[in-house]
Amino acid sequence: MKKLLSLFLAVTTTLLCADVLEVDYSKQKKEAYPDFASALNAAKEGDTIKLLKVDFTIYDNIAIKNRSGITVDGSFNTMCGLKKADTKNWKQVSPGLWKRDIMLNKGVSMRYFMVIDGKQQRMGRYFKAPCRTKYKRVEELQENEWTIIENRGKGDKRYQLYSIFLKLDKSITDISKADIREPRLSKLNGVDISGKCRNIVIKNFICRNFWNDGYNIHKDCRNITFDTICALDCGDDGISAHETCEIKVKNLVAIGCSTGICHIQQVTASHTNCYITESLGKDIYFKAEKSNRLSNTLKNVFVNCNSAGGVCLGTIKKDKLVIDKLVVVLSGEKGSFNFTPAAGAEIKTTNISVRRTEPRNMEEFKKNIFAKFSGTLEKELTRR
């Protein structure tokens, strides 16, 4: 009884002392923090960090490591993982042809992309599924196309020197004045949660154009909740958890990522009300491994599937998988549904529909989940 009373008092004290720390990226509100990192540094357990709504894209990310009891409300701001190309890094080698030399690990080079005049250009490349599209030779490049060349022998086991070539209109003589953006490699993920974290809530966010994941969870994280989030045109996964992390996802929209949802190792994850479309590699990928155990729940998940690897629900005998309404619409030539339940795995499935045409309620579901973003998501999609 005394232990319960002590616990009650501790929780009550935490709630009563909780603060809302405001972040104003427009720098207009003097008493607000100028960025997320400074607010997190000042936050204590039980606090909420709230990003004030701004009318521009925020070129930053949310990184949380070894913290507990923090809620982050993005107020439907858009976090972006891009930076403008500049003459410090890019040099014109001939009229219309630009070059940049950069040290990259191979993981980055496979996810690399450019955004030219607001349109993401991947050069037909994607991740998580076999990609047969080879990079073009420099002399084959057309306007607004790029290629990457590995300079073998110039690097070590992890990093190699790469040369990136970009073909632009010959009238462009100053790349910094053109609308050319590239991944900001120091910002891996839109929301990055790692280390030992407990009781974290991330809500009301749009993350776009990060070279890795929209939402990435690593190491020893428990009771991590994502509510009303979107990953748009990210280089790898919309959301991805690893190691022994435990997460809950509600109201997820993943558009144009290599993979919509991907979890590996010993993750426990639940997903409710998710819409995935325009994936390139795989839409959903649960990677079963011999020495680990995955536990996934899918409830009310709609997938518009035309990715190279489709929906891939692999399991091993230790895995748990619960499906309560999964609709997969094979909307193009590439789309596929691969469900390989292993003997001994705990599988419970209700209402799996794999079809070639959209069900009547799919458009209504999409409309309802988009409405949760208060009109911001539609505005972001018009910028693509």
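The following legends describe several close-up views of one predicted model.

The model is predicted, so local features are taken where pLDDT is at least 70 and side-chain atom pairs at pLDDT 80 or more, whereas totals for chains, interfaces and linings use all residues. Residues are numbered from 1 along each chain as its sequence is written, and side-chain values use heavy atoms, with hydrogens and water left out.

**Figure 1. The largest cavity and its lining.** A cavity is defined on a 1 Å grid over the protein atoms alone, as a set of points where a 1.4 Å probe fits but cannot get out; its lining residues have an atom within 4 Å of a point. Grid points are joined across faces, edges and corners, and a volume is the space filled by probe spheres set on the points. By this rule there are two cavities of 30 Å³ or more. The largest cavity holds about 40 Å³ of space. Its lining is made up of F286, L294, N296, G314, T315, D319, K320 and L321. For the classes, Ala, Val, Leu, Ile, Met, Phe, Trp, Tyr, Cys and Pro count as nonpolar, Asp, Glu, Lys and Arg as charged, and the others, Gly among them, as polar. Sorted in this way, the lining of the largest cavity has three nonpolar, three polar and two charged residues.

**Figure 2. The second largest cavity and its lining.** The volume of the second largest cavity is about 30 Å³. The residues that line this cavity are M110, R111, Y112, R122, R125, Y126, F127, G235 and S258. Four of these lining residues are nonpolar, two are polar and three are charged.

**Figure 3. The nonpolar cores, with a view of I64.** A nonpolar core is a set of buried Ala, Val, Leu, Ile, Met, Phe, Trp, Tyr and Cys residues joined through side-chain atoms within 4.5 Å. Buried means under 20% relative accessible area, exposed means over 50%, and partly exposed lies in between (1.4 Å probe, protein chains only). In soluble globular proteins, nonpolar side chains tend to be buried together. The largest nonpolar core of this model has 59 residues, and those with the most contacts inside it are I49, L51, I64, I193, F226, I239 and I284. A second, separate core has 24 residues, including M114, W146, Y162 and L168. Contact means heavy atoms within 4.5 Å. When neighbours within four places in sequence are left aside, I64 is in contact with F36, L40, V72, D192, I193, S194, C197, I200 and I202.

**Figure 4. S240 and H242, joined by a side-chain polar contact.** Helices (H or I, at least four residues) and strands (E, at least two) are DSSP runs, numbered from the N terminus. S240 belongs to strand β17, residues 237-241, while H242 lies in the loop between β17 and β18. S240 is buried, with a relative accessible area of 2%, and H242 is buried with a value of 10%. A polar contact is a pair of N or O atoms within 3.5 Å; within protein, one must be able to donate a hydrogen and the other to accept it, and residues adjacent in sequence count only if both atoms are side-chain atoms. The side chain of S240 makes such a contact with the side chain of D237 at 3.2 Å, and the side chains of H242 and S240 are joined by a polar contact of 3.2 Å. Not counting residues up to four places away in sequence, S240 touches D213, Y215, N216, I217, C262 and H263. With neighbours within four places set aside, the contacts of H242 are D213, N216, I217, H218, K219, I264, Q265 and V267.

**Figure 5. K250 in strand β18.** Strand β18 spans residues 246-255 and contains K250. K250 is partly exposed, at 39% relative accessibility. Apart from neighbours within four places in sequence, K250 is in contact with F226, D227, T228, T272 and N273. K250 and T225 are 25 residues apart along the chain, and their C-alpha atoms are separated by 8.0 Å.

**Figure 6. E278 and S374, two residues with positive phi.** Most residues other than glycine have a negative phi. E278, which is not a glycine, has a positive phi of about 60°. This residue lies in the loop between β20 (268-277) and β21 (282-287) and is partly exposed at 43% relative accessibility. S374 has a positive phi near 55°. S374 is found in the loop between α4 and α5 (376-382), and is exposed, with a relative accessible area of 56%.

Notes: 1 Å grid on protein atoms, 1.4 Å probe; cavity = no way out; pocket = protein on both sides within 12 Å on 5 of 7 lines; lining within 4 Å.
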